[in-house]
Structure formats: structure tokens, C-alpha cells
Amino acid sequence: MLTGIGAIVFDLDGTLYQSESLGVQIAACADRYLADLLRVSPEEAGEIVRRVRRDLTVRFGREASLSDACRELGGDLRELHRRFAAEVAPEPHLRRDRRVVQFLRTLGTSRELYLYTNNNRALSGRIMDAIGVTGLFRRVVTIEDSWRPKPDLQALEALFADIGRKPSQCLFVGDRYDIDLRLPAELGCSVYLSRTVDELLGLTLPFSEEQQ
């Protein structure tokens with residue numbers, strides 16, 4: 001599967017780290033923003049978001065993201081991420097896992113590593129600092145590069161053009177198949193679903209086998 005792969009494109013949240021408590025903080029921030037927008041309580045906004053995401057999942061035939069729900073409710077992604085950047089403090093929820101850092105350093109000796117996230121630059125930067133992976137990627141692509149959240153064909157084609165790679169030369173790694181991996185797979189990329197650190201580190205096995 002990995003023959004000819006020159007670039008590995010990682011998702012960030014839920015892929016390079018897992019933190020339920022940080023996810024709760026991000027969701028609560030989104031609920032406060034949408035509560036202001038819809039003139040309801042944050043609790044009511046949270047219920048509305050969950051309902052809208054369920055409805056969109058049925059309509060799209062794939063998992064709907066928080067970004068999808070925000071746009072469906074008339075929200076502005078720029079304002080939502082301005083609030084994330086200002087109100088979410090990731091550091092208390094994260095710790096550095098030396099295994100992940102070494103894993104990326106090892107892969108980076110033979111492949112080009114990129115990060116592609118629906119998060120914003122400021123919050124992504126603080127998360128990467130906290131988990132110790134800052135500087136390990138050739139390029140970090142965030143929601144602010146296009147304001148077109150994953151999955152999006154135009155944003156993905158721009159990524160291929162920017163890194164100078166064909167889909168067949170890329171491996172995408174993410175924790176949500178519908179959001180991170182389905183579209184790259186349809187375009188001819190290799191994909192690797194990883195929902196835990198142990199699964200992420202398992203990616204070293206096929207690479208090691210390939211090199212033997």
C-alpha cells in the first residue's frame with residue numbers, strides 16, 4: 001500500500017493526541033457562540049447543534065462536522081474560530097507523548113510530513129507546542145488557508161498543488177474516516193484510520209516492513 005508514498009498528511013485533533021476534556025471545552029465555546037447567534041441558552045444551542053449534525057449526516061451520507069452545523073445555522077466560521085482562539089486554553093488538557101514525537105521524527109527522515117487541520121492557526125500552534133510536535137512538519141495547513149473545512153475538494157486540490165504531490169504519492173492519516181480520509185481515498189490517496197496513539201504508532205510497522 002505504501003509503495004511510492006512520498007508525503008504523509010496528518011490530521012491534528014484526535015489523531016496526534018486524544019483529549020476528551022479539550023473536546024468538551026471546544027464544544028462549549030461553540031455552544032456559547034451559537035447561543036449568542038440564535039438567542040438561546042448555551043445548553044439549548046448544544047442540543048440544536050447535535051440535532052443539526054444528525055440531520056446533516058443523513059443528508060450528506062457522511063459524518064457531519066461542527067463546521068457543517070455552524071454554517072447550516074447561519075454562523076460565521078471566522079467568528080467561531082476567533083472565539084476558539086481567544087477562549088480555549090488547550091495546555092491544561094494536553095501532555096507530551098515522547099513516543100509520538102519520536103514517531104514523527106523517524107518518519108520525517110524518509111517522508112515529507114504535513115499537517116492539515118480544520119482548526120485555526122493560533123489554537124493549532126498552541127496544541128502543537130503542548131504536545132511537542134512544532135517544527136516537525138514541512139507545512140501546516142489550517143482552516144484559515146481557505147475557510148473551506150474538510151472534506152472539501154477545492155481545498156484538497158490546492159493542498160496537492162502546494163506540496164507538489166499527486167494523490168497517489170500521499171498517505172492521509174486521520175481519526176474520522178468521513179471527514180479526514182474518505183475524499184482523499186476517492187481521489188487515489190492511501191489512507192490510515194487512527195483513533196488512538198497506539199493505532200498511530202502502528203503505522204511504523206508497514207513502513208519498517210517496506211524497508212526490509
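Reader: How many disulfides does the count come to in this structure?

Author: This is a predicted model, in which local features need pLDDT of at least 70 and side-chain atom pairs count only at pLDDT 80 or more, whereas totals for chains, interfaces and linings use all residues. Residues are numbered from 1 along each chain as its sequence is written, and side-chain values use heavy atoms, with hydrogens and water left out. A disulfide is a pair of cysteine sulfur atoms within 2.5 Å, and by this rule the count comes to 0.

Reader: Which residue holds the cysteine sulfur nearest to that of C170?

Author: C170 is in no disulfide, and the closest cysteine sulfur lies 5.2 Å away, which is too far for a bond. The residue that holds this nearest sulfur is C189.

Reader: Is C189 buried or exposed?

Author: Relative accessible area sorts residues into buried (under 20%), exposed (over 50%) and partly exposed (in between), using a 1.4 Å probe and protein chains only. C170, at 0%, counts as buried. C189 has a relative accessible area of 8%, so this cysteine too is buried.

Reader: At what angle do the axes of helix α1 and helix α2 cross?

Author: Helices (H or I, at least four residues) and strands (E, at least two) are DSSP runs numbered from the N terminus, and α1 covers residues 20-38 while α2 covers residues 42-60. Their axes are lines fitted to C-alpha atoms, for helices over the stretch in contact, with angles running from 0 to 180 degrees between N-to-C directions. The two axes come within 8 Å of each other, and they cross at roughly 100 degrees.

Reader: How is the direction of α1 relative to α2 described?

Author: Angles under 35 degrees count as roughly parallel, over 145 as roughly antiparallel, 65 to 115 as roughly perpendicular and the rest as oblique. With axes that cross at roughly 100 degrees, α1 is therefore, relative to α2, roughly perpendicular.

Reader: Which residues of α2 make the contact with α1?

Author: Contact means heavy atoms within 4.5 Å, and on the α1 side it is made by D31, R32, L34, A35 and L38. The residues of this contact divide into 7 nonpolar, 1 polar and 2 charged, where Ala, Val, Leu, Ile, Met, Phe, Trp, Tyr, Cys and Pro count as nonpolar, Asp, Glu, Lys and Arg as charged, and the others, Gly among them, as polar. On the α2 side the residues are P42, A45, G46, I48 and V49.

Reader: Which residues does L73 touch, not counting those up to four places away in sequence?

Author: L73 is placed in the loop between α3 (66-72) and α4 (77-87). The C-alpha atoms of L73 and V49 are separated by 8.4 Å, although the two residues are 24 residues apart along the chain. Leaving out residues up to four places away in sequence, L73 touches L34, L37, L38, I48, V49 and V52.

Reader: With which side chain does that of D11 form a polar contact of 2.9 Å?

Author: D11 sits in the loop between β1 (7-10) and α1, and its relative accessible area of 5% means that D11 is buried. Beyond its neighbours within four places in sequence, D11 is in contact with several residues, including L115, Y116, K150 and D180. A polar contact is a pair of N or O atoms within 3.5 Å, where within protein one must be able to donate a hydrogen and the other to accept it, and residues adjacent in sequence count only if both atoms are side-chain atoms. For D11, the partner side chain at 2.9 Å is that of T15.

Reader: What is omega for the peptide bond from K150 to P151?

Author: P151 is found in the loop between β3 (139-141) and α7 (153-163). Most peptide bonds are trans. The bond from K150 to P151 is cis, with omega near -5 degrees.

Reader: Is R39, with its positive phi, buried or exposed?

Author: Most residues other than glycine have a negative phi. Phi of R39, in the loop between α1 and α2, is near 60 degrees, and phi of W147, in the loop between β3 and α7, is near 55 degrees. W147 is buried, with a relative accessible area of 18%, whereas R39, at 78%, counts as exposed.
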